[in-house]
Amino acid sequence: MNWIQVGNLEDIPRQGSRVVKTATGEIALFRSVDDQVFALNNRCPHKGGPLSQGIVHGKRVTCPLHSWVIDLESGEAISPDSGCAHRLEVRVAHGELFLEAEAGVCKA
Amino acid sequence: MEQDKKRLVVVGNGMAGIRTIEELLKMSADEFDITVFGAEPQPNYNRILLSPVLSGEMPFQDTVLNDWNWYEENHITLHTGKTVTKIDRMRCTVETEDGIVVPYDRLLIATGSNPIMLPVPGIDLPGVIGYRSIADVEQMLAAAQPGKRAVVIGGGLLGLEAANGLSLRGMEVSVVHLCEWPMERQLDKVGGGLLKEALEKRGLKFYLSRQTDAILGETAVTGLRFKDGEEIAADLVVMSAGIRPNIALAKSAGIHCERGIMVSDTMQTYDPKIYAVGECVQHRGQTYGLVAPLFEQAKVAANHLAQYGRMRYEGSSVSTKLKVTGIDLFSAGDFNPVAGDDELLLQDAARGVYKKLVLRDNKLRGAVMYGDTVDGPWYFQMMRDGTDVSEMREHLLFGQMHLGDSGHGAGASVANMPDTAEICGCNGVCKGSIVDAIVDKKLFTLDEVRAHTKASASCGSCTGLVEAILANTLGGDYSAKPSKKPICACTEHAHQDMYKTIRARGLKSIPELMQALEWKTADGCHVCRPALNYYLLAAWPGEYVDDSRSRFINERVHANIQKNGTYSVIPRIWGGVTSPAQLRAIAEIAERHEVPTVHITGGQRIGLYGITKENLPKMWAELVEAGFVSGHAYGKSLRTVKTCVGSEWCRFGTQDSTGLGIMVEQMTWGSWTPHKFKIAVSGCPRNCAEATIKDFGIVCVDSGYEIHVGGNGGVKVRVTDFLCKVSSEAEVLEYCGAFMQLYREDAHYLDRTAPWIERVGLPFVKRHIVDDAEGRAELYARFLKSQQYSQDDPWKERAEGKEAHEFTALATIV
């Protein structure tokens, strides 16, 4: 397991999201209003909508396609919907973002 | 107690007396030390609602008009259960039977009336009850066991209500009446017959044209004997043969009385220190037993007690409704025509509808309606106004709905009523006051309207009308139960508070607003944040910094997200007019970017579909280069101005609809609105641009421009309402800007104009846009001011690098 630096906290707007592209699909990184960072697959469990394009509120994001609400900590859809966008480990150290990955290097 | 305060003593703790005090307190709260004597042990309750209490449709508690606290809060000394037995006019004191003596400077007698107890043998037997007070009702209820027999003597309004109530309690009820049909004072023979039939279906039995000879029984009532000798059995006899003003006290004090206590137009008795109001008085030869006149009298008496001395009571014309659930009956004025009067009749036996109008000199003199009473208040209003009805005579019987324009939806009958139409006859509340209270005070329930306006708070027979007005004023938001709908779970606040609260409290950002209004979540949610962002933007043009994080993705990136996560790009094509050069530019850009779908939209533009997010700024740069701006096809904002070719080409065209459309689009583009906003301009009434299903539609005619508003071609098709006609293009622009601004300031976020207009009513829009030239100019000015800050092309800004992070990946891992 590797920690790959993918950028700085400042690169993601507060209550916003940025995308990290990987060979196996996009990962959405979210920054909450209180500067916590979360990482999920950038696919809504409902119809694959890009979660990174949703409105971030609290520790949740609302999918832009059909307004499913996904919990950022667990990746689970908020009931009554059910499904999971699979969270990944992400850490902030000295303002730098590190994402968990099997392997690979970051290309800016 | 202050020495210099004058002392007002009120004898009678009923509706007339207490209403006088309420009116007095409104005008002059500190004028008097007030003492009230009531013979009954209860605080002031609504005597008209005894019938629903009797029938079990309402608990007594709900009929209390002024609870104990009210007396306390207004520093009124209240003696309940005390009968005043003496007025000493020399010493200016009143005295109760148990010896309380209170001095007065002014005395108000409001002793009401007593039921007439027929002078027949057996009238004193247990089980014979009058019908006047809650105590009577309680006595009836105690006796009202299912299966037992009740006889009501008197088939008037009150008697029938009592009979109906007892019948609903399970008793076998008979009504004995002197005349040929019930309610002969309010109904003619036909109407009375219909009423009788309806009540018979509900199980009442009628003995008409019968006179009571004796009430039978040894220790309690067992039956009744008529003059003709027939006997019927009864376990309970209710006397409801009329009321008699209660004048015993006044008479004993030497105050001049005839049938009632004689009063002048100022409600003064022959003793100038003593006033009288209510059922106990006789004014210009009339006594009244209905509530509306009492309240008019109360207003006048209060005015004189407060020493304004301005008002005169000149008698009342009265209308009546029967409060028996499920039976609609309305009566007003003189409904028995005399020689020279005209009689208009409508009788539909199958529908159970009967209407009779009596005209004299082209004016309405009286009305009797049975089965369909919706237009009762309208007729009553015309009766009181002395309206000349010769013009509408042909349609008069069919009601107000039948006059004027057709094509309005249901509920239009209250919408069509003028603001001056009286809705609640009891309290003299007209439609305008109800609508104003609903709008100004944000009322949402019937109870709130009652609390604020008193409409339908007395006899309740206009409840349906008040509800219709409420529903009409609030549109889809009206619910019979509580109350304001919060925007979302993050808050208790509703949409309708927001714009005004933001302006009034000077709230300038979402966090500030959430803190001031005690939001329950740290940063809201996807429902409330876009709404708040819109309200702030609309409230503080040029000042508020748009919060892109509170925008739905389409508005954040100025393109429309598609099901696969790609976007559509739709450049603005002003008024739907394009050129070979523009088409070529679009074609080349589409080819260069390998756009999968090029589509002609419904709004006369060209849509490019399947653009990836990363590619958007590049494509925009090329479009901007070719002279295009964003079409805002993605926003709660002005979408398109659709036009036809108009007088430039069309052989039917009356005006330059394309030119006007382009002007309108150039003025309005880029504006943010509560929901999307579509405009069209048609060059003639053939209306090829479909202007009458747009939010703002202009139909050119030879003499000018018709303006239509509130149309919708979407989920629920709604044809526009015709707003007005103007004569110049400049006026079209002004009306358009003013209308958009009114919508921006008044509608809830995500309200299209159609539901908004259904809620606020077209008259509201007309009042602001058509009638009020100054207000219109101000709205227009505010619209133009806000447009100064909203016409920077968002595509150009982003093509030049604004918010670049939106369009690029943070990183790529390989």
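**Reading the interface**

Analyst: Between chain A and chain B the count is 1 salt bridge, defined as a side-chain nitrogen of Lys or Arg within 4 Å of a carboxyl oxygen of Asp or Glu. The model is predicted: local features need pLDDT of at least 70 and side-chain atom pairs pLDDT 80 or more, while totals for chains, interfaces and linings use all residues. Residues are numbered from 1 along each chain as its sequence is written, chains are lettered from A and ligands numbered from 1 in written order, and side-chain values use heavy atoms, without hydrogens and water.

User: Which side chains meet in the salt bridge?

Analyst: E614(B) and K21(A) do, at 3.9 Å, N to O. β2(A) gives the most to the side of chain A that touches chain B, with 7 residues; strands are DSSP runs of E, at least two residues, and helices runs of H or I, at least four, numbered from the N terminus.

User: How is the sheet β1-β10-β9 of chain A paired?

Analyst: Strands of a sheet pair through backbone hydrogen bonds, either parallel or antiparallel. Here the open sheet of 3 strands is antiparallel, with pairing requiring at least two DSSP bridges. β1 (2–8) and β9 (90–93) of chain A stand at the edges, each with a single partner strand, so one side of each lacks a neighbour in the sheet. β9(A) is joined to β10 (residues 96–101) of chain A by 4 bridges, and A93(A) stands opposite E96(A).

User: Is N13(B) buried or exposed?

Analyst: Buried means under 20% relative accessible area, exposed over 50%, and partly exposed in between (1.4 Å probe, protein chains only). N13(B) has 10%, so this residue is buried.
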